[in-house]
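Trainee: I'm new to this one and would like to learn how to read it feature by feature. Could you show me the model and walk me through it?

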Amino acid sequence: MRILLISYYFPPCGGAAVQRWHRWLPHLVKSGIEVQVLTSEGGDYPILDDSLLQEVPPSVKIWRSPAPRLGSIWLKLFGKDSRMPHGSLEYHEHRGMLKRILLWLRLNLVIPDLRVFWNPWAYRLARKLIRETPFDLIVTTGPPHSSHLIGLKLKKRFHLRWIADFRDPWSEIHYLKLNPPSKLSLYFHKRMERKVVSSADKCLVVSHNISARLPEGNKTVIYNGFDADKMDKIAYIPNSNFRVKYIGQITAGQDWEGLLSIISGLRDDAEISFIGTKLSPMQSRQLKDALGDRARLLPHQKQTDALCEMINSELLILMINYYEGSQGMLTTKLFEYIGSRTPILALGPHGGEAEKCLLEHHAGAYFDKSELRLALDFASIVKQAWHKRSDLRNASDLSALSSKQQSLRLIMELNTKNSH
């Protein structure tokens, strides 16, 4: 089988957007599937991680088409220290009028997302590749969901099997919930979404809740998973400090104040680290007031280094956003956290798939914002066990959540020709 994967985000782009298919590629290649990737050349990437490119199997051909650098325009308008929002389009009072106008225009006039301006270049290259090479299957992955419009157009033109992979919701994605566009804009989102889901031979979805919220179609849930082989090579090394770590960004809807309340309640021998976390000036002041010199702020780490940070911790903090639809939020980080076998303290609304997954695999404890006292008690119990040199590592069988196991399900779906 030969497949063409169309993904705007691909190494050297780093971060969560590339992890799902990056982890699956080696397993696909080992199973005898030939994969070619069509991606953007010099796109607006939130993070760069060259190490991920070195892990792509040599047999995978990578084709790159030009992508408009809209981020460079943002930098010219607002300065080199101002980053273009990635998946965070909510208004803030501290944002200037020009920024708010641009965000309004983005939300209401650019549908489904800014990456749609890459589509003409990507489609032309995809059309050329398909004419030169007999592909059995096209796969598009989003966000950006504009990539699915490429798959829709290619299916109509060449009548090839097409799988649309949803790593996040579309019309119900969090930033459209937190800052709703006009009714007309939302209508166009939903119309495109229905067309894609109903036209694709198969839709892969990261969670059951997101799958249920998508329109009617042929849908299958496959989790992101974690790279067990990579994590098994990293050893846990005890430290003289009780290490509490939060890895990633703080985003709208997360209980930042609750997190500060919990970590400030730990004793002075607790070392609190924020890794790859960009804080606002106000958040930086709040963190300084709450923790003083106990807080460590580290830049974004390459993926292997970030996994090492997770494993070499005594407690990891996970925060699930408070917004309608958060029940289906299953981040890449959740599976990496669980795979690290470090105890996890999760803050977020009850009843979601993240909570269920965490508890089913005995990976930690989950608390709502009304349960901060219980959350601090849990952190203190873990800390007391660490003082007594108890083994804190999760010894449960986690193989069902490995990317290898998820890839086996993926391969089965790829080989199911009567998908639609």
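Predicted model: local features only at pLDDT ≥ 70, side-chain atom pairs only at ≥ 80, totals over all residues.

Trainee: Is glutamine 303 buried or exposed, and which residues does it touch?

Mentor: Buried means under 20% relative accessible area, exposed over 50%, and partly exposed in between (1.4 Å probe, protein chains only). Glutamine 303 has 7% relative accessibility, so it counts as buried. Contact means heavy atoms within 4.5 Å. Not counting residues up to four places away in sequence, glutamine 303 touches Gln19, Arg23, Asp49, Ser51, Leu52, Glu55, Lys230 and Glu336.

Trainee: Glu55 and Lys230 are both in that list. How do the side chains of glutamate 55 and lysine 230 meet?

Mentor: Side chains of opposite charge can pair when their charged atoms come close. A salt bridge here is a side-chain nitrogen of Lys or Arg within 4 Å of a carboxyl oxygen of Asp or Glu. Glutamate 55 and lysine 230 form one, at 2.8 Å from N to O. Glutamate 55 is in the loop between helix H2 (50-54) and strand E3 (61-66), and lysine 230 is in helix H10 (residues 228-232), so the pair ties together parts 175 residues apart in sequence. Glutamate 55 is partly exposed at 30% relative accessibility, while lysine 230 counts as buried at 14%.

Trainee: How many salt bridges are there by this rule?

Mentor: The count comes to 14. Another is the one between glutamate 314 and arginine 243, again at 2.8 Å, N to O. That pair also links distant parts of the chain: glutamate 314 is in the loop between H13 and E11, arginine 243 is in strand E8 (residues 242-247), and they are 71 residues apart. Both glutamate 314 and arginine 243 are buried.

Trainee: What else does the side chain of glutamate 314 join up with in a polar contact?

Mentor: A polar contact is a pair of N or O atoms within 3.5 Å; within protein, one must be able to donate a hydrogen and the other to accept it, and residues adjacent in sequence count only if both atoms are side-chain atoms. Glutamate 314 has such a contact, of 2.6 Å, with the side chain of tyrosine 236. Its relative accessibility is 0%.

Trainee: Now the nonpolar side. How many residues does the largest nonpolar core have?

Mentor: In soluble globular proteins, nonpolar side chains tend to be buried together. A nonpolar core is a set of buried Ala, Val, Leu, Ile, Met, Phe, Trp, Tyr and Cys residues joined through side-chain atoms within 4.5 Å. The largest core here has 35 residues, and those with the most contacts inside it are Leu4, Ile6, Leu38, Trp118, Leu154 and Phe166. Among the elements giving it two or more residues are strand E1 (2-6), helix H5 (119-132) and helix H6 (146-158). H5 provides the largest share, 6 residues. Apart from that core lies another of 31 residues, including Val244 and Leu345.

Key:
Residues numbered from 1 in each chain as written. Heavy atoms only, no water. Helix = DSSP H or I, 4+ residues; strand = E, 2+ residues; numbered from the N terminus.
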